[in-house]
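Have the model open while reading.

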Amino acid sequence: MTNRTQPSAGSHRPLFDPATGEQYDTMGDTSDKECVRTVERAAEAFPSWADTTPRERARSLRRLADQLRLEQDHFVELERRDAGKPVSRIGGEIELAARTLEWFAGEALRPVGRVHPTGPGIRAHTERIPLGVCAAIAPSNYPLLMAAWKIAGALAYGNTVVVKPAPDTPHSTRALVERAADILPPHVLSAVYGGAEVGRTLCGLRDVAAVSFTGSTAAGRDVARRCASSVKRVSLELGGKNPLIVFPDADLEQAAEAAVEAFTGNSGQMCVAASRLVVHHQVHDAFLQRLLELAGTRVIGPTDDPATDLGPLTTEAAMRRVRSVVADAAEHGAKVLFPPGHDGVRPAVPPTHTEGFYVTPVVLDDVPLSHTAWREELAGPVLSVRTFRSEAEALRLAHDTEYGLSASVWTADADRAEHFARRLRAGMVWVNTWGETEESISVGGIGQSGYGRELGAHAADQYTHTRAVWVGSRSVREPSPQNSGTSRPGGEADDHDR
């Protein structure tokens, strides 16, 4: 397989079908000049959009949600070709994107602000006001869904938006922006395209008031640094190395089913993926056996086949990294376990798909704590395993990371579930479940997993300022004649006064 190099800024970028490895399209990167002009137009459109009634903004968001549902088949195909997603899974993502647009349509109509007690003759209140142009930088693992999360909140509160999809997965976002052009006023929602250099340009532009970024922690640090000089509002949803902790009294069948989805769903390309299993030593052997059996039932194959559960990774580079890390973990003492029917990290696929970016689900048992497979986000279907004997050890292993995005705890002991979950340092915690997400609930990480929140009511903190207003209601006294400044001593007004 040949290495596929990426283009420089301003050139045409080749786009590959992850399922076959074939180039099927190109897209030109947005130049610096064009990026600046796009943001300028969004800034020019902002005052008018901010002045639209909340009901008008809500109506527009609902129409955009309706359009997503109306053209679901088209968006499914765009996501399949760009991101390598199986058709059996994409429909749910498009529906959640539509629900998110609808939920924020409701938020646009929700009362905000508070009236504060003051002295006589003064009425004081706080209110939320939009920021201006918001840059939304979306990742490649959920191209349309993550873009919709950011766009919906920003537009609902009266901001204009410039969205930048990941360079390898631009088509569904471009289609969303094109559909919005028939619904929203000009330049309220627009897009720029390309790699990190285009994102850096957005972060440096004066007219960009806020940046919402989802991606790697390393890239997030760069975003924060570039936005700091102009004190932009920044929200970062970054990487995760998330634990799934299984106590011996847990419902092991349900926990195993959840664990399989948690590390193989979307082929492991999830920031919330449970890529570390912390399991009690008494149930270790039985639990891993059942987990592997269940993983073996996941069908790996062509993305256009409705029977396929697991598609390829989005890029060749991601596939190569996963394969390299697994091989290195084996050299450093980890036990490499594959699901029944698989004997290597490269799965068997039809001849037409052998150049695709596929990876077999892999379990790395007893992986060294210092190894990359335990410490770093891999964005692939790899599960690193360690055992524990006490709650204290389980908590130590769960916290053996700089990340703090999500965690899942499995136990039948209600008291343990309560106090153990409370002590976990993670922005999202699931108890006896995994992966639940609702558009009405704000989510995000702590530590190296970022700050700021997507979805729910707390998204307002990213897309609005809180403003304090005092209104005087005393009668205004008439100015005295000598202070009116309306005439000269002789009673004649000079030319300057006329």
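## Pockets and a buried strand

The residues lining the second largest pocket split into 12 nonpolar, six polar and seven charged. This is a predicted model.

**Second largest pocket.** Its volume is about 590 Å³. The lining counts 25 residues; Tyr 142, Leu 145, Met 270, Gly 435 and Thr 437 lie nearest the centre. Helix 4 (87-108), helix 5 and strand 16 (428-431) are the elements that each give two or more residues to this lining. Helix 4 supplies the largest share, with five residues.

**Largest pocket.** Here the volume is about 1300 Å³. Around the largest pocket stand 44 lining residues, and Pro 139, Ser 140, Gly 215, Ser 216 and Ala 219 lie nearest its centre. Two or more lining residues come from each of helix 7 (196-204), strand 8, helix 8 (217-228) and helix 11 (316-331). Helix 8 gives the most, six residues. By class, the lining holds 19 nonpolar, 14 polar and 11 charged residues.

**Strand 5.** Is strand 5 enclosed by the rest of the structure or left open? Five of the five residues in strand 5 (residues 133-137) are buried, so the strand is largely enclosed by the rest of the structure. Buried here means under 20% relative accessible area. In a regular strand, side chains alternate between the two faces of the sheet. Both faces of strand 5 are covered. Val 133, Ala 135 and Ile 137 are buried on one side, and Cys 134 and Ala 136 are buried on the other.

**Strand neighbours.** Which strands pair with strand 5? One is strand 6 (residues 160-164), paired in the parallel sense over five bridges. Between strand 5 and strand 6 the chain passes through helix 5 (residues 143-156), and this β-α-β crossover is right-handed. Strand 8 (residues 208-214) also pairs with strand 5 in the parallel sense, over five bridges.

Ile 137 links both pairings. In strand 6, Ile 137 stands opposite Lys 164. In strand 8, the bridge partner of Ile 137 is Phe 213.

Strand 8, a partner of strand 5, gives residues to the lining of the largest pocket.

Definitions and conventions
Residues numbered from 1 in each chain as written. Predicted model: local features only at pLDDT ≥ 70, side-chain atom pairs only at ≥ 80, totals over all residues. Heavy atoms only, no water. Buried < 20%, exposed > 50% of the residue type's maximum accessible area, 1.4 Å probe, protein only. Helix = DSSP H or I, 4+ residues; strand = E, 2+ residues; numbered from the N terminus. Pairing = 2+ DSSP bridges. Right-handed = clockwise from strand over helix to strand, strands pointing away. 1 Å grid on protein atoms, 1.4 Å probe; cavity = no way out; pocket = protein on both sides within 12 Å on 5 of 7 lines; lining within 4 Å. Points joined across faces, edges and corners; volume = space filled by probe spheres on them. Nonpolar A, V, L, I, M, F, W, Y, C, P; charged D, E, K, R; others polar.
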